[in-house]
Amino acid sequence: MTQGNEKDLDLVIFGATGFTGQFVVEQICQTIEQLPGLKWAIAGRSRTRLTEISTIVNNAGGNNVPKPEILVADADNPETLNALARRTKVLINCVGPFRFYGEPVVKACVENFCDYIDISGEPDFIERMQLTYDQAAKNNNTTVVSACGYDSIPAELGFLYTKQQLQLRNAIPSQIEMISSVKGGKSGIVVNYGTYSTLVHGIANVNSLRELRKNANRTNRTVPRVGPPMKRIPNGKWDNRVKAYVIPSFLTDHSVIKLSQQLDIEHRTEVPPAQIAAYLAFPRYRYLLMFYIGSTLINFLAKYSWGRSLILKYPRLFSFGFFSHDGPTLEQIQQTSFYHMFYARGISKSRIHGDEDPESSKHNIDSKTPLIDRSNEQKSTSNLQPDVEIVTKVTGPEPGYSATSIIVVQCAYTLLREKTIIPKGVLTPAVSFGKTSLFQNILERGIKFQVLEGYFSI
């Protein structure tokens, strides 16, 4: 097997001809100057389609972008995957649904000393890979990280950033509410069919995730509760803070953040835990009503094979036009953006230690602030009410394709440049990249992190 110093490629994009994969290729072309001399390749099942993508690269990048090598590989053919992993240092996997096609790629990468990242938003796949391949990845000095797109790096790093801001104010993080939304323009919001297919199959197999978590031996990863239990926002309640109706989130972010906090304990990252509650925001009641009707139908039909066939055949009908086989237009992508709002409460350290820091309220917050403040101070706080409140916000461009391609490419570059300081194993983004320059790099490319004032009252 070929280890890192013997590999002849730096980076391979597997699934480069897919809808999201093409955005990732385009992002490589736009940022290639970050890694001069990058040796890269595009991979997929069809040599003809890969050749078309390569031609687009040549026309768009001119002489400034080195021509990618074309590699034919299939998720159903382990030998072709091994051939990819043997040659490259980092592989970006864009082939989903990952529950069907992801594991063979992870296995090939782990066995061939190849670092792996993907854009999966599937909690059952993410957690199953962590349980199955973590020790093997550690043994082979390999890092495997899922959810390296919009799912779930803005939420993960936003959560860490928010805890950092509490610590800068001499407070121990206790409770954080995350409210997320996507904003569209006049042309509306449309998501590609691949995401819809992943969602449908995820709903159909929700019991497998429950069973996986039930059987997982995670007793050594119990996350301590800091402060009293959080009060939950009622389903469908209007929230003045975001001027929208909110519901509990069913997206990947919440699961990944919780897994990160468990892995923080195992890897002794010294990142303080905090309670997390995640919500989705709907600015108009008719959007909320459409969601309730559509999700009820899909949840019911996805339980049966005939029902899945029906809703997969007519995505526009069952999603009120939100999902389609054609995907979004360029205009729709350019007009769409996302935000995560974090409403955080912490407990003053002075109430625990009995000392007051006169400088605790003076802080200069900028993009160069370290993402994680390594603090060993952790005492029993279950009876202490939070007394410090802050609000932070993460914003960015269209999430599914623009933001995802920006983020996953920066994750790949970070793995190539900073491998020595990145933990090994099957990890979450926050645990993998908490000590790296990833935060600063995505900040410079349009994913913004900021602290707000005067937004806390409901």
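Predicted model: local features only at pLDDT ≥ 70, side-chain atom pairs only at ≥ 80, totals over all residues.
Residues are numbered from 1 along each chain as its sequence is written, and side-chain values use heavy atoms, with hydrogens and water left out.

H6 and H9 (residues 252-266) pack at an angle of about 55 degrees, and their axes are 9 Å apart; axes are lines fitted to C-alpha atoms, for helices over the stretch in contact, and angles run from 0 to 180 degrees between N-to-C directions. Helices (H or I, at least four residues) and strands (E, at least two) are DSSP runs, numbered from the N terminus. The crossing of H6 and H9 is right-handed, a crossing being left-handed if the near helix is turned anticlockwise from the far one by less than a right angle, and right-handed if clockwise. At this crossing, Ala155, Glu156, Phe159 and Lys163 of H6 meet Asp253, Val256, Ile257, Ser260 and Gln261 of H9, where contact means heavy atoms within 4.5 Å.

The residues that make the contact are Pro123, Asp124, Glu127, Arg128 and Leu131 on the side of H5, and Ser208, Leu209, Leu212 and Arg213 on the side of H8.

The protein has 17 helices and 16 strands. Seven of the strands form an open sheet with mixed pairing, in the order S9-S10-S11-S7-S13-S14-S16; two strands pair if DSSP finds at least two bridges between them. The edge strands of this sheet are S9 (237-239) and S16 (448-452), each of which pairs on one side only, and the twist from one strand to the next averages 30 degrees. Within the sheet, S7 (residues 171-183) and S11 (residues 275-282) pair in the parallel sense over six bridges, with Gln175 standing opposite Gln275 in S11. Helix H6 (residues 153-168) packs on this sheet and touches S7, S11, S13 (337-348), S14 (388-397) and S16, its direction making about 30 degrees with that of S13. Helix H15 (residues 399-417) also packs on the sheet, where H15 touches S7, S13 and S14, and its direction makes about 100 degrees with that of S14.

Ala281 lies in strand S11 and is buried, with a relative accessible area of 7%; buried means under 20% relative accessible area, exposed over 50%, and partly exposed in between (1.4 Å probe, protein chains only). Although Ala281 and Ser181 are 100 residues apart along the chain, their C-alpha atoms are separated by 5.3 Å. Leaving aside neighbours within four places in sequence, the residues in contact with Ala281 are Ile179, Ser180, Ser181, Val242, Ala244, Tyr245, Val246 and Tyr339.

Another open sheet is formed by seven strands in the order S3-S2-S1-S4-S5-S6-S15, and here the pairing is parallel. Strands S3 (69-72) and S15 (425-427) stand at the edges with a single partner strand each, so one side of each is left without a neighbour in the sheet. Neighbouring strands of this sheet are turned against each other by 20 degrees on average, direction ignored. S2 (residues 40-44) and S3 pair in the parallel sense over four bridges, and the bridge partner of Gly44 in S3 is Val72. Helix H4 (residues 98-111) packs on the sheet, touching S1 (9-14), S4 (88-93), S5 (115-118) and S6 (143-145), and its direction makes about 160 degrees with that of S5.

S4 and S5 run parallel and are joined by four bridges, with Asp118 in S5 as the bridge partner of Asn93. In a regular strand the side chains alternate between the two faces of the sheet. In S5, Asp115 and Ile117 point one way and Tyr116 and Asp118 the other way, and all are buried.

Over the protein, buried residues make up 55% of the 458 residues. Of the contacts with a separation of 6 or more, 84% are accounted for by residues 24 or more positions apart.
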